[in-house]
Amino acid sequence: MKGFRSFACCLLALAPLLCQAATPNAADITPNFRNTSIRKIAEAVSIVTGKDIILDPRVNAQVTMYSSTPLSPPAFYQAFLSILQVYGYIAVQSAHNIVKIVPNADERVMHSITLPKEVSPTSDEIVTQVIPVKNVSAAELVPILRPMIPEWGHLAAYPPSNILIISDRASNVHRMMRIIHRIDTVGDQGVDVMRLQNASANQVVNVVNQLYQGQAAAQMGRTFKVVADQRTNSVLISGDPAERLRIRALVAELDTPSSAGGDTRVVYLHYANAKKLAPLLKEQMSELAQMAGAATGKNPQAAAEKNALVWADSENNALVITAPPKLMHTVLGIIAKLDIRRPQVLVRAILAEVDVAKTSDLGVNWAAYSQTSKLPLGSFVEPVGNTSIVDLIAAAKAGTGALSDTLLEGTTLGVGTISAGGVSFAAMLRALRGNADTTILDTPSATTMDNQQAVLKVVQEVPFVSGQYTNASTVTSGTVTPFQTVQTMEVGTILKVTPTISAHGSAVMLKISVESSSLEPATTAFSQTDPTTSKRSITTNVLIQNGGIVVLGGLIQHDQNFSHNNVPYIADIPLLGWLFKARNDSSTRNNLMIFIKPTILRNQREAAYESGRTYNYMRRQENSIPPASFPPLLYGEPRPHLPPLPAPTRKSAAHAAERQPKPGVPLKAPPQP
C-alpha cells in the first residue's frame with residue numbers, strides 16, 4: 001500500500017504534463033521545473049520517451065529548468081542529458097531500452113555506445129570511439145589532447161596499431177576527432193628549388209622571413225624554412241607540402257619583371273625639370289650606397305659608382321636610371337613625390353595714393369617813390385602767391401609781353417601811376433585759393449608657381465647723364481668735343497614676389513618687393529637736363545590666408561603752413577590794417593597705402609576661372625567706349641577688339657600631359673571631370 005501511494009503521488013504531480021502529451025497537439029512538450037528533484041524529472045522523461053530509467057542511489061539534486069519553446073520527446077531526452085552533465089551524472093544505454101543514471105566517476109567501468117557510425121556534434125550521450133592515426137604518432141598525441149578530456153573521460157593510445165581510444169560525451173568526442181584530423185597530415189619534408197628570373201633571392205627571402213617572423217608566426221605554426229642561394233639566385237623551400245605550395249606562390253608573385261625590364265628605367269617627368277633633378281638624385285643614391293656600405297663593411301663609394309647611374313635627357317625631360325632593384329624602388333618613390341603638379345599663386349597688389357593740397361593767399365602791396373630822386377617815400381611789399389608789386393611794375397615797364405600766368409594767377413587788382421616828374425604810386429590787391437586732389441591707383445598682378453619668383457615691370461627707361469669728359473687733344477677745327485656717359489633708370493611700377501604655400505595649403509608666405517616711382521615736374525633748367533624722380537617702395541615678408549587682403553605698409557602725412565606777414569601795431573587797426581598785412585596759408589595731406597591679395601590656383605580649373613574673369617573685364621572695358629558720332633576717315637579698317645573667350649573643350653591637352661607615354665601606344669586625354 002505504501003508503494004502504491006507513492007506511485008499515485010507521482011502520477012498526480014505529472015498529470016499536467018501527461019495531459020498535454022495526451023492531447024492531439026501534444027507531440028511537443030514545454031518542460032518548466034523549479035527546484036524540482038532530478039528523480040521526478042527522470043520519471044517524466046521515462047513517461048514521455050518510453051525509456052526505462054534506473055537511478056543510482058547517489059543520484060540526487062534539485063533542478064531548475066525553464067523552456068520557452070516546445071520540445072519533441074527526443075529533444076526532451078537530450079535536454080535531460082544536458083541536465084545530467086551539469087550535475088555530474090551520465091546516462092548509460094543498456095539493452096532492452098534501459099538507461100542507467102550513475103555519477104561521472106563510474107563512466108570507465110560502464111559500457112556505452114561503442115563505435116557509432118556517426119558521432120553527433122551536439123549530443124551529450126556517452127560514446128566510445130576508436131580513431132586510427134596515419135601520419136603522426138598516436139602516443140605523442142595523448143599529452144596534447146589529454147587537457148581537452150574531462151577527468152572522468154578516457155583517452156589512451158595503442159602504439160602497435162597507432163590508434164587512439166576516446167570515451168566521453170558525443171559532442172566532445174566529435175571535437176577531438178576534428179582536431180586529430182587536422183593534426184594527422186603527411187609529414188613530407190622535401191625541398192623545392194625556385195630559380196628566380198627577375199628579383200634578388202636575398203631580398204625575396206628577407207621579405208618572406210619578415211612576413212612570418214616573431215611570436216605571431218610561431219603561434220600560427222610555421223612548418224617551413226626558406227633559404228637563399230646567392231650563387232644561382234635561387235630560393236630553397238622545405239617543409240610541409242601545403243606550406244611549400246603556398247610559399248612557392250608567394251615567391252612567384254614577388255619574382256615579377258619590372259615594367260621597364262632589367263635594372264634600367266626611363267622616367268618621363270611631367271612637371272619637374274630633369275636636368276635639375278638628375279644631380280640631386282645622383283647625390284641621394286650615393287648617400288644611400290654609403291649608408292648600405294657602412295652597414296655591410298664594403299667600399300661605399302665603389303658600390304655607388306658601380307651600381308647606380310642617372311642622367312637627364314633635356315629634350316624629352318626624362319631621367320634614365322640604372323640601379324639595383326631595391327635602390328631603384330627608393331629612387332622611383334622619391335621621383336613620384338617630387339614630380340607633382342605644383343599649385344600657382346595669383347598675387348594682386350594695390351598701390352593707392354591720395355594727395356590733397358590746399359593753399360590760400362590774401363594780401364595788399366603798395367609803394368610810393370619819387371621818379372626824380374629815385375627815393376621811395378613808403379612801401380609795403382610782401383609776395384602774395386609768389387608775386388609782389390615790384391614784379392608787376394617791372395612787367396608793366398617791359399610791356400605786356402613780360403606778363404605771365406604766374407604774375408596774373410588768381411585775382412590780381414593793380415592801380416597806380418608812373419610819372420616822369422613827381423611822385424609815382426602803385427598798389428596791388430591779390431587773392432588766391434588753390435585746391436589740388438590727386439588720386440593714383442596702381443593694381444599690378446602676377447601669377448607664378450609655388451616657390452618661384454615673378455617680376456612685373458611697367459616702367460619707362462629714363463636717361464640720366466652719369467658723367468662728362470673733355471680732352472684738349474680732341475680739338476677738331478678749333479672745337480672741343482665733350483664726351484658724356486648716359487645711364488638709364490627704370491621709372492614706373494615694379495612688382496617682385498616669391499610665394500610659398502604652407503603645408504596645410506590654406507596660407508601663403510610672400511617675399512614681396514613693391515616699387516612705384518615717377519618723374520617730378522621740371523621747375524628749373526637744371527631739372528630739365530637732369531630729371532628728378534620720386535620713389536616709393538617696400539620690401540617685406542608676410543603670411544596671408546588664401547584670398548585674404550593685408551596691408552603691407554603705408555604713409556599718412558599731413559603738413560600745414562601758416563605764413564602771416566604784417567606791420568606791427570598798424571596791422572591791428574581796423575580796415576587800415578589790411579594795407580599792412582599779407583597771408584599765405586597751405587595744407588597738404590599725402591595718403592599712400594599698399595595692399596596685397598594672394599589667390600592659390602591649385603588646378604587648371606581655378607586658373608582658367610581667374611584668367612576668364614580678367615579677360616572678360618578687359619572686354620567690358622573695351623565695349624564701354626562709345627562709338628564715334630562722325631564717320632571714320634579710314635574706310636574698311638575695322639576697330640580692333642578682343643574676341644570672346646573660347647569655351648573649354650571636353651578633352652584637355654593639359655590632362656593628357658599628366659600621363660606618362662608608353663612606347664608605341666598613342667596617348668589619349670581622359671574625359672574632363
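The largest cavity in this predicted model is lined by Leu351, Glu353, Ile440, Asp442, Ser516, Arg536 and Leu592. Two elements, β16 (344-370) and β19 (423-442), each give two or more residues to that lining. The space in the largest cavity comes to about 40 Å³.

**Cavity count**
- The model holds 1 cavity of 30 Å³ or more.

- Asp168 belongs to strand β9, which spans residues 163-169.
- Although Asp168 is buried, it has no salt bridge.
- The nearest side chain of opposite charge to Asp168 is that of Arg169, at 5.3 Å, whereas a salt bridge requires a side-chain nitrogen of Lys or Arg within 4 Å of a carboxyl oxygen.
- A polar contact at 2.4 Å joins the side chain of Asp168 to the side chain of Asn172.
- Once neighbours within four places in sequence are set aside, the residues in contact with Asp168 are Glu125, Ile126, Val127, Ile149, Pro150, Trp152 and Val173.

**The chain as a whole**
- The protein chain contains 16 helices and 28 strands.
- Of the 673 residues in the protein chain, 30% are buried, and Asp168 is one of the buried residues.
- Counting contacts between residues at least 6 apart in sequence, 65% join residues at least 24 apart.

How values were computed. Residues are numbered from 1 along each chain as its sequence is written. This is a predicted model: local features need pLDDT of at least 70, side-chain atom pairs count only at pLDDT 80 or more; totals for chains, interfaces and linings use all residues. Side-chain values use heavy atoms; hydrogens and water are left out. Helices (H or I, at least four residues) and strands (E, at least two) are DSSP runs, numbered from the N terminus. Buried means under 20% relative accessible area, exposed over 50%, partly exposed in between (1.4 Å probe, protein chains only). Lys and Arg count as positive and Asp and Glu as negative; His and the chain ends are not counted. A polar contact is a pair of N or O atoms within 3.5 Å; within protein, one must be able to donate a hydrogen and the other to accept it, and residues adjacent in sequence count only if both atoms are side-chain atoms. Contact means heavy atoms within 4.5 Å. On a 1 Å grid over the protein atoms alone, a cavity is a set of points where a 1.4 Å probe fits but cannot get out, and a pocket is an open set with protein on both sides within 12 Å along at least five of seven lines; lining residues have an atom within 4 Å of a point. Grid points are joined across faces, edges and corners, and a volume is the space filled by probe spheres set on the points.
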